[in-house]
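Visitor: I have a model open and would like to know what stands behind the words used for it. Can we go through them one by one?

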Amino acid sequence: MLVLNERVIASAGNRRELWQDPTAHAELIVLREAAKRMESWRLDGATLYVTLEPCVMCMGGIILSRIPRLVYGARDPKAGAVGSIYNLAVDERFNHNVDVTQGVRGKECGEILTTFFRQLRHKKKADKLLKISE
């Protein structure tokens, strides 16, 4: 969810599986929608709230859109680019840095994600069994 002046500008969930698009992460969808609504690629003054620590691709979008603040819940030790593997938010080689607040409701965010991925695995398994039985 992207917030500007205490107003939600855009929100989205991950659509990678639904759209079969490797770039359909929630962050990028939110950035596209917010830029369209604001009629500007610069999202100055906004705060992005996400459940999971953004990956390299998403951090690239966050940095390029000039978002000054990111708040996330759960760390991502496999793909996180805000401290877990990389820390692109404070890399001085970029012309923009991002102020990050991490771990906000981290345990709850982790549980939401664990449940989501467990359900996704069960659905894929059930769909595969259904396809085999046809």
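The answers below set each term against its definition.

Guide: Keep in mind that this is a predicted model.

Visitor: How do you know how many helices and strands the protein chain has?

Guide: A helix is a DSSP run of at least four residues and a strand a run of at least two. By that count the protein chain has four helices and five strands. From the N terminus on, their order is β-β-α-α-β-α-β-β-α.

Visitor: What makes a residue of the protein chain count as buried, and what percentage of the residues do?

Guide: The relative accessible area has to be under 20%. Of the 134 residues in the protein chain, 36% count as buried. The accessible surface of the chain is about 8,800 Å², and carbon and sulfur atoms hold 54% of that surface.

Visitor: Which side chains are called positive or negative, and how many are there?

Guide: Lys and Arg count as positive, Asp and Glu as negative, and His is not counted. On that basis the protein chain has 21 positive and 16 negative side chains, with the centres of the two sets 6 Å apart.

Visitor: What makes a residue part of the lining, and which element gives the largest share?

Guide: A lining residue has an atom within 4 Å of a grid point. The largest pocket has 34 such residues, with N14, E27, T51, L52 and L113 nearest its centre. Elements giving two or more of them are α2 (26-38), β3 (47-52), β4 (69-74) and α4 (106-133). The largest share, six residues, comes from α4.

Methods: Residues are numbered from 1 along each chain as its sequence is written. This is a predicted model: local features need pLDDT of at least 70, side-chain atom pairs count only at pLDDT 80 or more; totals for chains, interfaces and linings use all residues. Side-chain values use heavy atoms; hydrogens and water are left out. Buried means under 20% relative accessible area, exposed over 50%, partly exposed in between (1.4 Å probe, protein chains only). Accessible areas come from the Shrake-Rupley method with a 1.4 Å probe; for residues, only the protein chains shown count as cover. The place of a charge is taken as NZ of Lys, CZ of Arg, CG of Asp or CD of Glu. On a 1 Å grid over the protein atoms alone, a cavity is a set of points where a 1.4 Å probe fits but cannot get out, and a pocket is an open set with protein on both sides within 12 Å along at least five of seven lines; lining residues have an atom within 4 Å of a point.
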